[in-house]
Structure formats: structure tokens, C-alpha cells
Amino acid sequence: MSMCSSCSSGSSSTKSWIVHGIVAGAAVAAAIGGGAYLVRCRKFRARVVGIIPARYASSRFEGKPLVNILGKPMIQRTWERAKLATTLDHIVVATDDERIAECCRGFGSDVVMTSESCRNGTERCHEALQKLDKKYDVVVNIQGDEPLIEPEIIDGIVRSLQLAPDAVFSTAVTSLKPEDAFDPNRVKCVVDNQGYAIYFSRGLIPYNKSGKVNPHFPYMLHLGIQSYDAKFLKIYPELQPTPLQLEEDLEQLKVLENGYKMKVIKVDHEAHGVDVPEDVEKIENLMREQNLS
């Protein structure tokens, strides 16, 4: 789902899901101190930076951040969407490639150069955070391959983390399409009754005895965007890789396996990430249909 004047009903639906998730967080806040906590929360994790990790040497799609999408590099489209979020005090692109850096400076983005040794976006965000002049309480990892990311989702995960002092991480999910059930590039998620993540997998979860998709079960698709408490992000690289993380190749599992809590909000979002070159045409067709320039 894209954000435009002709899609106001979809936007309202997204906001309603986000509000539901934030209200759940507020309930936790009330349980540990009520109004007094909410007053403090206005200053809790107050300064927020959005970081867009971008690398050129992707195994599935080399040079992906610079691919042209209706006349603009994909990284620029993601940056422009992120700029619409109201919770971000600053946005930077973190990259290890001068070609990406030069492109980003050209359209006005601040850039932080990071090393080629970063194993994932979280580690790249960690390194970029250390190089920023100002101090931040929350870091939002904005996936550079989501050129239609909705700013309300960015704001939603930030606010959910601000309202969940027992969590160090927050992210978003949306409904999983049946045709994506067994696609390993579509990461699935299950949560508990309080809105905290239980597990992430490239396989279908939960998986029933029939081995088939249950059309009546609300399976959830993980959206790549996530935010971290800045203090936690500083220790994240020090945590050793964990068995589940390595088996699934999902960095979120290292957080859960080490006993940290992760807040999850559900949003009504048509996921349109670019994983392989064939996805570019799909994105462009969608943008034409919705008159997005």
C-alpha cells in the first residue's frame, strides 16, 4: 500500500493498526506506573535517528540501492519516504561504497561511511551510530529496499519502543499472503498476547499437522524496518552469533535467543520490498497504477 492522496482509506487502516499496537504498549506503561510513567516517557528515548543501511555487494542483486525506479535511485525513494516521518530527528545513509555515498549526497542525504565487514544492517547501524556527532536514544533501521515504506510505520515502531521500557527492539508485521507462505525471502513472525515477538522464521509459522496453509489463520509477515534502544545497539555486536540466528540467517533471533524483549506492532501494509531484479518491474507497475512519481 502506498501513501498518496488517493489512498486515504488505506492510510487510515494503517493508522488504526498502529494505534492498536501502541495502546497495548501504553497498557504496559500503565501497569508499571500509570500517568507518572507516561509523563516521564515524553523524555524517555526521546532523540531518534533514522539510519538507512545500504551496501552495493548484494549476493542476490548487486548494486540494488542504485537501481532506477521510475527515474530515481531506489535509495533516494526510500530516503524521501523516511523524511515524511514525524518522529525522526535526523536521517542518514550508512554505506561502505563510494558510489552509493556519492549518489546520496547528490540528492541531499547525509552519509556515514562504514566498513565492509558489517555482517548485517544492524551492525552497520551500530557503526554509523558511533560516528554521528550527536547522541541519540533510539535508532531506526530503515530498509533501503522498501521504496514505498509508509512514514506512519516508522512513527509507529518508534512510539511502541518508547512505550515499552522492558523492550530493547521494536518492529512491524503485516498480514501474510497465502502465496508467500513458503517463500523463504518472506520472513514470518509469531507474537505473544502482549505484542512481544516469540519467533521469526523463513518457514511458515505456526506450521500445522496437515502441512498446508490454513486460510483462516492470521499468519504474519515481518517487515524489515526495526528500531533499537541505542544503549542496546552498542552491545549488540558483542553478542555471539546464536544457533537459531545462524540456521535461519535472521539477526532478530540473536536478540531473542539472548533473552531480550522485542515489541511488535501490526500494520496494514502491502509489502513491496525489492529482493531480486524481477521485483523492480513489480514496483514500477504498482507506482504507475497509483500515480506515484
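## The largest cavity

The largest cavity of this predicted model is lined by Ile 142, Gln 143, Glu 146, Ile 149, Gly 224 and Ile 225. Here a cavity is a set of points, on a 1 Å grid over the protein atoms alone, where a 1.4 Å probe fits but cannot get out; lining residues have an atom within 4 Å of a point. The volume of the largest cavity is about 30 Å³, a volume being the space filled by probe spheres set on the points, which are joined across faces, edges and corners.

By class, the lining of the largest cavity comprises 3 nonpolar, 2 polar and 1 charged residues. In this classification Ala, Val, Leu, Ile, Met, Phe, Trp, Tyr, Cys and Pro are nonpolar, Asp, Glu, Lys and Arg are charged, and the others, Gly among them, are polar.

## Basis of the values

Residues are numbered from 1 along each chain as its sequence is written. The model is predicted, so that local features need pLDDT of at least 70 and side-chain atom pairs count only at pLDDT 80 or more, while totals for chains, interfaces and linings use all residues; side-chain values use heavy atoms, with hydrogens and water left out.

## The largest pocket

A pocket is an open set of grid points with protein on both sides within 12 Å along at least five of seven lines. The largest pocket has a volume of about 1300 Å³. Its lining is made up of 40 residues, and those nearest its centre are Arg 60, Gln 143, Asp 145, Arg 202 and Glu 251. Two or more lining residues come from each of β1 (48-54), α5 (121-131), β10 (220-229), α8 (243-248) and α9 (252-257).

Strand β10 makes the greatest contribution to the lining of the largest pocket, with 5 residues. The lining divides into 12 nonpolar, 14 polar and 14 charged residues.

## Overall architecture

The chain contains 10 helices and 11 strands. Helices (H or I, at least four residues) and strands (E, at least two) are DSSP runs numbered from the N terminus. Of its 293 residues, 55% count as buried, where buried means under 20% relative accessible area, exposed over 50% and partly exposed in between (1.4 Å probe, protein chains only). Among contacts with a separation of 6 or more, 71% join residues 24 or more positions apart; a contact requires heavy atoms within 4.5 Å.

## Helix α6

Helix α6 consists of 12 residues (residues 151-162), and at 1.5 Å a residue it should span 16 Å; its end C-alpha atoms are 17 Å apart, which agrees. The expected span is 1.5 Å times one less than the number of residues.

Because 11 of the 12 residues of α6 are buried, the helix is largely enclosed by the rest of the structure. The buried residues of α6 include Pro 151, Glu 152, Asp 155 and Gln 162.

Rings of Phe, Tyr and Trp (its six-membered ring) pair if their centres lie within 6.5 Å, and planes under 30 degrees apart count as stacked, over 60 as edge-to-face and the rest as tilted. Both Phe 232 and Tyr 236 are buried, and together with Tyr 260 they form one aromatic cluster.

Phe 107 belongs to helix α4 (residues 98-107) and counts as buried at 15% relative accessibility. Not counting residues up to four places away in sequence, Phe 107 touches Ile 75, Gln 76 and Trp 79. Phe 107 and Glu 80 are 27 residues apart in sequence, with a C-alpha to C-alpha distance of 9.7 Å.

## Loop residues

Asp 180 lies in the loop between β7 (169-175) and β8 (188-191), and its 16% relative accessibility places it in the buried class. Beyond its neighbours within four places in sequence, Asp 180 is in contact with Arg 186 and Lys 188. Pro 206 is in the loop between β9 (197-201) and β10; the peptide bond from Ile 205 to Pro 206 is cis, with omega near -10°.

Positive phi values in residues other than glycine occur at Leu 70, near 50°, and at Asp 249, near 55°. Leu 70 is in the loop between β2 (68-69) and β3 (72-73) and counts as partly exposed at 28% relative accessibility. Asp 249 is in the loop between α8 and α9 and counts as exposed at 58%.
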